[in-house]
Amino acid sequence: MTIAQPHAGWVGRSIRRVEDPTLIAGAGRFTADLPATYRVRFVRSERAAGRISKIHVPDGATAITATDLAGVKPIRPMLHKFDYVPIGQPILARDHVRFVGEPIAAVVAPSDAEAEDIAEAIEVAMEDQAAVIDARTALAAEAPRVHAEVAGNLIVKGAVETPGFADARARADSIVRLELRSRRQNAMPLEPRGGHAAFDAGSGRVTLTCSTQMPHLTRTAITDLLGMPESDLRVVAPDVGGGFGQKMSLATEYVLLVWLARKLRSSVAWHEDRRENLIAAFHSRDQFIEIEGAFDSNGKLLALAADVIANVGAYSCFPTTCAVEPLMAMAELPGPYDVRAYRCAARGVLTNTCPMAPYRGVSRPVITFALERLMDRAALEFGLEPSEIRRRNLIETFPYVSATGLTFDEASYRQTLEMAVAALDLPAFRARQQQARARGRYLGIGFSAFSERTGYGTPAFAARGMEIIPGFETIDLSMGPSGLVEARIGASPHGQGLRTTLAQIIADEIGVPPDRIRVIHGDTDRTPYGFGTFASRSAVIAGGASLLAARKVRSKLIKIASLLLEAAPDDIVLDGGAAKVAGTDRSIAIEALARAAYHQVHRFKGEIEPGIAASATYDPAGTFANACHVAIVEVDPETGQVRIENFIAAEDAGRLINPMIVDGQIQGGIAQGIGNALLEEIVYDQTGNILTTTLADFLPPTAHEIPPIELHHLETVSDASVTRAKGVGEGGAIGAPAAVINAINDALAPFGAEINEIPATPRRIRAAIHAARKPAEQRA
Amino acid sequence: MTNIPVRFTVNGRGAEASVEPRTSLADCLRRELKLTGTHLGCEHGVCGACTVVVDGAAVRACLMLAAQADGSDIITVEGLSNGDELSPLQASFRKHHALQCGFCTPGILTTAHALLTEEPDADADRIRDVLSGNICRCTGYIPIIEAVLDARAAYGYVTGEP
């Protein structure tokens with residue numbers, strides 16, 4: 001392992017974010033800030049399954065229904081593997097509704113209030129049909145079908161078994177089995193989704209401003225569905241108030257807005273309210289996992305097996321498809337451990353619930369929870385410290401090819417574990433835990449070691465059999481005559497500080513400070529085609545493209561300087577806004593080079609092309625970041641309340657470009673993971689009615705629930721990323737739930753109680769204690 | 001519905017609008033007065049993104065009618081900075097990386113401004129308690145609390161006081 005060396009340039013410095021001043025001043029520009037001629041309100045299904053018999057619209061009201069949308073194609077994402085059955089999602093429900101919250105009609109009025117009044121007056125007559133809400137129930141032979149064409153509601157199924165699996169399992173001394181449940185969650189960005197579509201009579205074009213993580217693919221998708229030329233639509237992602245994956249999937253509502261803007265030749269806007277967001281803006285993490293580990297007598301994992309059932313809701317999201325959760329679970333479940341024998345079956349199951357879509361970490365918070373619970377249970381059986389069983393199983397040699405064929409690049413699984421253990425003084429904690437128990441207080445410690453596959457390009461997505469294969473990012477970099485640099489990127493940040501991070505990378509190459517570099521994103525008219533910001537990819541992929549383009553600009557600047565300074569190119573150094581001849585006092589300002597490139601091209605005598613511009617594309621195979629999280633909690637067995645005393649994360653995301661931003665990503669991810677572990681749950685009743693429709697029911701963490709978070713960094717240099725940076729966006733959220741739940745279980749050990757469910761609410765914790773007491777009482 | 005006139009002082013200047021009686025203060029500020037820095041995250045009083053200061057008190061602008069605020073002195077996020085210059089509280093948010101997407105930030109700034117105006121000596125527990133009514137989905141809150149602590153001097157808190 002090579003550790004990154006201190007760097008003299010802009011990379012590695014916690015410079016303040018260029019994004020901040022406007023946002024702090026209240027001058028940010030979010031989608032809902034735009035004025036519109038018309039406002040749209042959706043009438044949504046109140047039934048989980050039904051057949052629409054009549055829609056009654058009051059006289060004089062404007063309401064669009066499916067019958068108005070003749071010629072508009074349904075959203076039909078495609079996957080060419082794993083027995084995926086394609087299904088269509090109409091933009092407005094046509095005959096059937098399949099989940100509570102599905103859009104049925106769109107009301108158009110001059111104000112939100114009027115549109116809401118009209119929407120409430122619209123009557124939808126419907127015949128109820130049998131609904132299925134739970135994934136395991138949906139797999140039963142007699143279960144109603146959510147889509148007629150999908151037998152058994154099984155929309156996708158994957159299976160893998162390595163050669164020799166059965167033999168490896170048979171050699172084991174001990175088999176440890178667990179059943180785990182992750183309840184449904186909502187990414188819940190603080191800015192709900194929203195769109196604004198404006199028709200321009202002069203050009204015939206529509207500009208859709210919307211709260212999206214992937215503007216280019218949104219444009220392609222909508223123009224495909226509406227059958228219009230791609231160039232007739234411009235998609236703008238202005239300031240976006242968080243996404244966490246929820247805003248990467250195509251919203252049916254945006255398709256309708258573009259259709260309406262063209263129809264009305266005007267501007268229309270829709271802003272999701274929180275209830276709509278909670279019931280209809282994509283859910284995630286609704287999974288059952290059965291996991292089994294076969295260990296030798298030393299606690300070494302010989303074989304791992306799992307069965308994953310993912311409830312994917314009523315439709316398949318675009319572009320990833322609803323297969324993303326079950327298939328990622330199957331591919332990445334072995335995590336950071338060296339295990340050669342692996343068997344897994346993963347199924348995606350349709351139900352009459354809100355569609356599933358990626359949410360920060362996608363399946364990995366759930367599979368990490370499952371695998372890390374397995375490790376702790378095994379540690380208990382072997383009488384080992386949780387840290388020790390991990391020490392015996394973590395990957396240590398690189399490159400490592402996993403049981404599912406993933407190539408793990410240079411990382412520090414073992415070192416981050418040791419770093420975390422050293423930071424917390426484990427023997428002291430165990431002593432304190434014993435003393436506390438004697439006083440009737442229950443402390444627990446939980447570990448979570450994990451790998452985070454980040455910055456992966458087209459090969460990784462192609463392996464999933466996706467029809468739309470994202471992965472590369474392109475940057476168009478130019479320096480104008482004034483010497484100001486513009487970097488136009490296809491990535492689409494929404495809180496990650498990417499404008500700052502990329503400027504730091506570019507600054508080091510071309511010798512101008514970051515404040516002379518403007519990063520432009522989120523506008524299909526102004527940026528090269530790219531896939532947006534998701535999957536911990538932008539720092540790696542857009543960052544890599546930035547570095548490659550900046551190197552081209554650098555070599556052009558050196559060429560010009562060499563000609564103007566009459567020095568050899570190898571002797572030119574770009575630094576501090578000037579090109580200098582090494583070892584002399586001769587220099588020329590970079591602004592002067594820029595002027596010359598545009599206005600004094602005659603001096604180049606045809607040897608150098610005019611202008612300063614370069615493009616580059618980066619499409620890496622991917623790089624694995626890693627970390628070890630440790631949570632220390634206290635559980636009150638009477639109330640089931642969990643207090644997190646301390647949280648330690650030792651992480652390795654390769655080279656830190658802006659350490660402040662990296663820390664922010666990790667802390668924020670951990671906070672979200674703590675919410676996922678303890679609080680956040682979307683609840684349906686048996687009829688498919690959703691019960692968690694406000695932020696008083698669906699509970700994101702507040703300042704009270706988040707403990708101090710102690711961060712430690714390693715910077716492993718990996719050739720898998722040209723900038724040596726690994727992705728860091730999802731890691732916090734991936735590792736934290738497992739650490740918290742393991743800590744709760746450690747705290748509950750004196751009761752013999754165990755909890756393998758997320759979120760571990762006070763009610764569930766009390767039930768676990770009660771269930772453990774019961775057999776003991778019965779025995780007595 | 002007949003519109004009603006409302007008048008306030010907003011960020012030190014007189015402002016007036018004609019609104020429906022049911023118009024919330026948040027909608028009035030955003031739509032009528034074009035002060036779009038006040039954000040709407042839930043419209044049911046939980047997330048705190050719409051918080052503004054009304055006659056010195058931090059108020060959920062989504063839960064107050066514009067008509068109820070008639071005659072009040074209102075401070076929105078736009079009123080915290082002095083022209084192009086960030087206030088010390090705002091600058092502290094930048095210094096501590098107390099925002100990522102920035103959507104919750106206006107409501108958190110106004111909440112913190114109201115708190116520190118009344119209690120410049122608020123400690124971390126008090127700040128956490130008051131800010132527990134504002135949801136931030138990005139930062140994990142820790143840098144926000146640090147930023148508010150660090151801004152106390154600008155509100156008259158003298159460090160090292162007994």
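Which residues does Ile389(A) touch, not counting residues up to four places away in sequence? In this predicted model, where local features need pLDDT of at least 70, side-chain atom pairs count only at pLDDT 80 or more and totals for chains, interfaces and linings use all residues, side-chain values use heavy atoms, with hydrogens and water left out. Residues are numbered from 1 along each chain as its sequence is written, while chains are lettered from A and ligands numbered from 1 in the order in which they are written.

Ile389(A) touches Phe295(A), Gly299(A), Met375(A), Ala378(A), Ala379(A), Phe382(A) and Leu384(A), a contact being heavy atoms within 4.5 Å. Ile389(A) is found in helix α10 of chain A, residues 386-391; helices (H or I, at least four residues) and strands (E, at least two) are DSSP runs, numbered from the N terminus. With a relative accessibility of 0%, Ile389(A) counts as buried, a word that stands for under 20% relative accessible area, as exposed does for over 50% and partly exposed for what lies in between (1.4 Å probe, protein chains only). Between the C-alpha atoms of Ile389(A) and Asp525(A), which are 136 residues apart along the chain, the separation is 53 Å.

Helix α8 of chain A, residues 324-332, is mostly covered, since eight of its nine residues are buried. The buried residues of α8(A) are Val324(A), Glu325(A), Pro326(A), Leu327(A), Met328(A), Ala329(A), Met330(A) and Glu332(A). Among the elements that cover them are the strands β7 (154-161), β13 (287-295), β14 (301-313), β15 (341-350) and β18 (442-454), together with helix α9 (364-382), of chain A. In the loop between β14 and α8 of chain A lies Pro319(A), and the peptide bond that joins Phe318(A) to Pro319(A) is cis, with omega about 5°.

Another cis peptide bond runs from Ile758(A) to Pro759(A), with omega near -5°, and Pro759(A) has its place in the loop between β29 (757-758) and α19 (762-779) of chain A. For context, most residues other than glycine have a negative phi, and most peptide bonds are trans. Glu566(A), in the loop between α15 (538-565) and β22 (572-575) of chain A, has a positive phi near 55° although it is a residue other than glycine, and Glu566(A) is exposed, with a relative accessible area of 71%. In chain B, Glu43(B) has a positive phi of about 60°; this residue sits in the loop between α1 (25-32) and β3 (51-54) of chain B and is partly exposed, at a relative accessible area of 45%.

Thr31(A) is a loop residue, placed between α1 (20-24) and β1 (38-44) of chain A, and counts as buried because its relative accessibility is 1%. Leaving aside residues up to four places away in sequence, the contacts of Thr31(A) include Glu191(A), His196(A), Cys210(A), Asp239(A) and His271(A).

Helix α3(B), residues 105-118, and helix α4(B), residues 124-131, pack at an angle of about 130° with their axes 10 Å apart, where axes are lines fitted to C-alpha atoms, for helices over the stretch in contact, and angles run from 0 to 180 degrees between N-to-C directions. That angle makes α3(B) oblique to α4(B), because angles under 35 degrees count as roughly parallel, over 145 as roughly antiparallel, 65 to 115 as roughly perpendicular and the rest as oblique. The contact is made by Ile108(B), Thr111(B) and Leu115(B) of α3(B) and by Arg126(B), Ile127(B), Val130(B) and Leu131(B) of α4(B). The axes of α4(B) and α5(B), the latter spanning residues 142-150, come within 10 Å and cross at roughly 120°, which makes α4(B) oblique to α5(B). Here Ala124(B), Ile127(B), Arg128(B) and Leu131(B) in α4(B) meet Ile144(B), Ile145(B), Val148(B) and Leu149(B) in α5(B).

Finally, the structure holds zero disulfides over all chains, a disulfide being a pair of cysteine sulfur atoms within 2.5 Å. The sulfur of Cys317(A) is 6.6 Å from the closest cysteine sulfur, in Cys322(A), and this is too far for a bond.
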